[in-house]
Amino acid sequence: MDNNVAVSGNFEIISCDKIADIESKPGFKKLEFTSSQKIQMGGLMQQLPAVVATGTLSEAYMVRFPDGISNACHLMEYKTGGLGTSIQGADGKIVGHASLENVSAQAAVLGAFNAMSIVSGQYFLAQINSELKTMNQNIDKILEFLYGDKKAELISEVSFVKSAYQNYSSVMEHEQQRFATLVSLQEAKKVAMKDIEFYMSDLDSAVNSKSGSDIVAWTDKIFQIKDCLELSIQLYSMSSLLEIYYSQNYDTGYISNVEEEAVTYIGKCEKRMLSSFSKLSTHIQNFKEGPLKKFDKPALEKKVNLVVDSFSRGTESEILKSIRSVMHASEAKAEYYVNSNGDLYLRTA
């Protein structure tokens, strides 16, 4: 391990030994670059010997961001011009400064940090995407349960938001496309909220209507509405998060406001769904079977009660936990490992 550590208020860079077989080691996640981002990382590797005041390129470096990757793209500004970092010795004392006077050197470091921020954003967004099970179904499967006037509108917005998530790293490199995507994400969020209210109203009406003699068909219809409602809520969640990441607006007040709005709104939706399915559960329990009204009552009760239980655990749902986590992921302490090939690994444990 090298004794020199480049330190800024926003990051630390430490030259270190190569980690053998890092691909198979737990606690590290390789982040994928686009071709242009890979070039940016190569530019960073060329500048790192100057940043940590060593004469030669080390086999690898640890890059740490105490206040999160979103605060990374700022270097210390010197009165004489140029950007740089202070250099600490093994005892932690400042032993010198490394200055990047050359404009291209400054651009290389800042460009690489920006690329690291973007590919990290793709990784963070993947954490909540894995929770959006309804939204992650293929289009044909979604079309099986969508109904009514909202069908075309909702499937269109879901397809767009999926694409915005999948192509995040690439789109972020193109300013005009990024701006257009950001505007469309804001529209998708508004569409999602309108659709949530539409399906919530349908759910209330269906649960409060009479089941008639075919309680199974009635329950199936309510579950269809639930699927549409969950898809709308997941669209709202993902478009809200993507808006933050596409705008790169990590202002604490802004994120707190978006978080409060999302958590409060989704929490209210979950409570309304709990109320509706509790009524449905009671209705099934009280339903009297007759000669022409035979059905598997225990199986139907179990199906409904699983939904009731999922909303009445006394703790936040998984999607709300994921929203909180991903919204603040860019602010959390982050540590990366960069090897001489320019490969980047995020320490996850």
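Biologist: What is the N to O distance in the salt bridge between Glu-259 and Arg-324?

Modeller: This is a predicted model, where local features need pLDDT of at least 70, side-chain atom pairs count only at pLDDT 80 or more, and totals for chains, interfaces and linings use all residues. Residues are numbered from 1 along each chain as its sequence is written, and side-chain values use heavy atoms, leaving out hydrogens and water. The side chains of Glu-259 and Arg-324 meet in a salt bridge (a side-chain nitrogen of Lys or Arg within 4 Å of a carboxyl oxygen of Asp or Glu), and the N to O distance is 2.8 Å.

Biologist: How many residues apart are Glu-259 and Arg-324?

Modeller: Glu-259 sits in helix H8 and Arg-324 in helix H10 (helices are DSSP runs of H or I with at least four residues, strands are E runs of at least two, and both are numbered from the N terminus). The pair links distant parts of the chain, and the separation is 65 residues.

Biologist: Which strand holds Glu-335, the salt-bridge partner of Arg-64?

Modeller: Arg-64 and Glu-335 meet through their side chains at 2.8 Å, N to O.

Biologist: Which helices does the Asp-220 and Lys-303 pair tie together?

Modeller: Here the salt bridge spans 3.7 Å, N to O. The two residues are 83 apart in sequence, so the pair ties together separate parts of the chain, helix H7 and helix H9.

Biologist: Which element gives the largest share of the lining of the largest pocket?

Modeller: A pocket is an open set of points on a 1 Å grid over the protein atoms alone where a 1.4 Å probe fits, with protein on both sides within 12 Å along at least five of seven lines; lining residues have an atom within 4 Å of a point. The largest pocket has 26 lining residues, with Glu-270, Phe-311, Ser-317, Glu-318 and Ile-319 nearest its centre. Helices H7 (215-247), H8 (252-286), H9 (297-311) and H10 (318-328) each give two or more residues to this lining. The largest share, six residues, comes from H8.
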